[in-house]
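Work through the exercises below with the sequence and the 3D structure in view. Try each task before reading its solution.

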Amino acid sequence: MKATWDIFCSVVDNYGDIGVTWRLARQLAAEHGLAVRLWVDDLGAFVRLCPQAEVQAPRQTQQSVEICLWPADWQEVVEPADVVIEAFACELPAAYIAAMAGREQKVLWLNLEYLSAEDWVEGCHGLPSMQSNGLSKFFFFPGFTPGSGGLLRERGLLAQRRAFQADERARDEFLRDLGVEPLAGALLISLFAYENAALGSWLEVLAAGPQRIQLLVPEGRILSSLQGWLGSPALQVGDACQRGQLHIQVLPFISQDQYDRLLWSCDFNAVRGEDSFIRAQWAGRPLLWHIYEQADGAHLEKLNAFLALYKEGLSAEAQVALARLWDAWNSNGPMGECWTQLLKNWPEQIVHAEQWCLERASQADLAEALVQFYLNWL
Ligand code: TRH
């Protein structure tokens with residue numbers, strides 16, 4: 001009998017919550033042969049990542065995962081799974097928790113936390129917390145170091161990525177299918193970010209720089225900043241324009257698998273949040289992270305904690321260039337000089353990105369770590 005897993009996802013905003021849980025659910029089903037249900041309270045957000053799904057269907061199977069609408073008024077009588085994951089501290093339905101407590105066979109209850117590179121993560125990863133109904137809930141922390149829960153990474157991902165990157169024709173075909181004509185000799189950059197006042201100063205330096213730049217921008221929140229800089233009315237998917245050396249094109253929001261290919265195709269990726277940030281690392285190319293902003297500035301500590309790890313092994317000059325660029329991007333600082341400095345140690349940044357990727361990939365991935373945690377707990 002396959003072990004059953006229920007993953008609960010409440011879409012707070014953006015695509016990170018559903019992005020992470022959908023990826024995890026697929027991997028648990030595909031690589032570990034588990035029977036997985038993904039409960040999501042916003043099918044609209046899910047359909048953007050999995051365009052073949054039906055937004056109206058309260059139950060459907062996609063890629064061997066049962067996708068279930070998590071209704072606001074939970075009336076269902078559902079037999080809880082062997083393993084229950086509440087993603088990002090979303091609150092499970094009270095009736096479901098009661099059923100967990102009443103289940104004859106015990107249930108492993110996990111809270112899958114947000115990603116952070118901060119030191120305390122290793123100390124908290126895997127700790128139980130006793131609930132009022134007598135059940136224990138365990139805190140599972142993804143992370144970058146061996147003492148954490150690891151990062152989502154599908155089996156064979158890096159081999160696929162390398163084969164794709166070694167095949168220029170495959171890349172060009174992929175880009176053409178997206179409506180992008182690759183420009184000879186251009187540095188290809190993808191841009192996925194929140195609204196960002198620092199964008200203008202980066203685009204200025206790209207437009208005035210020595211090299212042709214092709215900037216691909218999937219539809220999303222950064223478009224308003226882009227419009228502001230271009231002084232253009234609302235941008236649409238397919239719109240393209242040129243400013244000096246800079247060629248800009250707006251892309252549709254694509255499926256997760258296509259988005260991976262976009263990251264693999266580009267020389268530099270600006271990403272955000274959590275899932276795209278990790279995918280850019282698996283792309284093995286230099287990246288720029290727009291971290292999700294938190295009211296109390298906690299995000300800056302997270303940013304610095306990651307940078308402290310990532311920078312290891314870079315020369316002092318390359319470390320400074322990278323940190324300045326990331327800092328400017330996340331605090332509305334001027335990007336021009338920082339970008340120019342980064343380009344000065346570009347070859348080093350490229351080698352480092354691949355090295356970082358290989359080192360992270362030597363750790364167990366998050367899905368594997370979860371399965372192992374369950375087996376140890378049994
Ligand atoms: O959408 P996000 O900003 O999500 C954020 C973060 O997860 C953040 O930590 C969380 O607190 C907040 O949501 C609520 O960024 P993220 O995490 O990169 O998720 C985007 C997802 O969208 C990711 O799975 C990649 C996917 N994607 C596509 O599938 N197609 C696309 O074209 C693009 C641009 C992204």
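**Exercise 1: the ligand**

A polar backbone atom of Ile254 lies 2.5 Å from a nitrogen atom of the ligand. This is a predicted model, where local features need pLDDT of at least 70, side-chain atom pairs count only at pLDDT 80 or more, and totals for chains, interfaces and linings use all residues. Residues are numbered from 1 along each chain as its sequence is written, and side-chain values use heavy atoms, with hydrogens and water left out.

Task: find which residues come nearest to the ligand, and how far polar backbone atoms of Glu274 lie from an oxygen atom of the ligand.

Solution.
- Step 1. There are 22 residues around the ligand, and Tyr15, Tyr194, Ile254, Asp275 and Ser276 come nearest. A residue counts as near if one of its heavy atoms lies within 4 Å of the molecule.
- Step 2. For Glu274, a polar backbone atom is 2.8 Å from an oxygen atom of the ligand. Gly16 has a backbone N or O atom 2.9 Å from an oxygen atom of the ligand. A polar contact is a pair of N or O atoms within 3.5 Å.
- Step 3. The ligand alone exposes 710 Å², and the protein buries 97% of that. Accessible areas come from the Shrake-Rupley method with a 1.4 Å probe.

**Exercise 2: the largest pocket**

Task: state which element gives the most to the lining of the largest pocket, and why this pocket lies where it does.

Solution.
- Step 1. The largest pocket holds about 780 Å³ of space. On a 1 Å grid over the protein atoms alone, a pocket is an open set of points where a 1.4 Å probe fits, with protein on both sides within 12 Å along at least five of seven lines; lining residues have an atom within 4 Å of a point. A volume is the space filled by probe spheres set on the points.
- Step 2. α1 gives the most to this lining, with 5 residues. Helices are DSSP runs (H or I, at least four residues), numbered from the N terminus.
- Step 3. The lining divides into 20 nonpolar, 10 polar and 10 charged residues.
- Step 4. Domain 1 (4–151 + 363–377) and domain 2 (157–361) both give residues to the lining, so the largest pocket lies between them.

**Exercise 3: the second largest pocket**

Task: describe what lines the second largest pocket.

Solution.
- Step 1. Its volume is about 250 Å³.
- Step 2. It has 15 lining residues, and Arg26, Glu154, Gln160, Asp257 and Arg279 are the closest to its centre.

How values were computed:
Helices (H or I, at least four residues) and strands (E, at least two) are DSSP runs, numbered from the N terminus. Ala, Val, Leu, Ile, Met, Phe, Trp, Tyr, Cys and Pro count as nonpolar, Asp, Glu, Lys and Arg as charged, and the others, Gly among them, as polar. Domain bounds come from an automatic or database domain assignment. A polar contact is a pair of N or O atoms within 3.5 Å; within protein, one must be able to donate a hydrogen and the other to accept it, and residues adjacent in sequence count only if both atoms are side-chain atoms.
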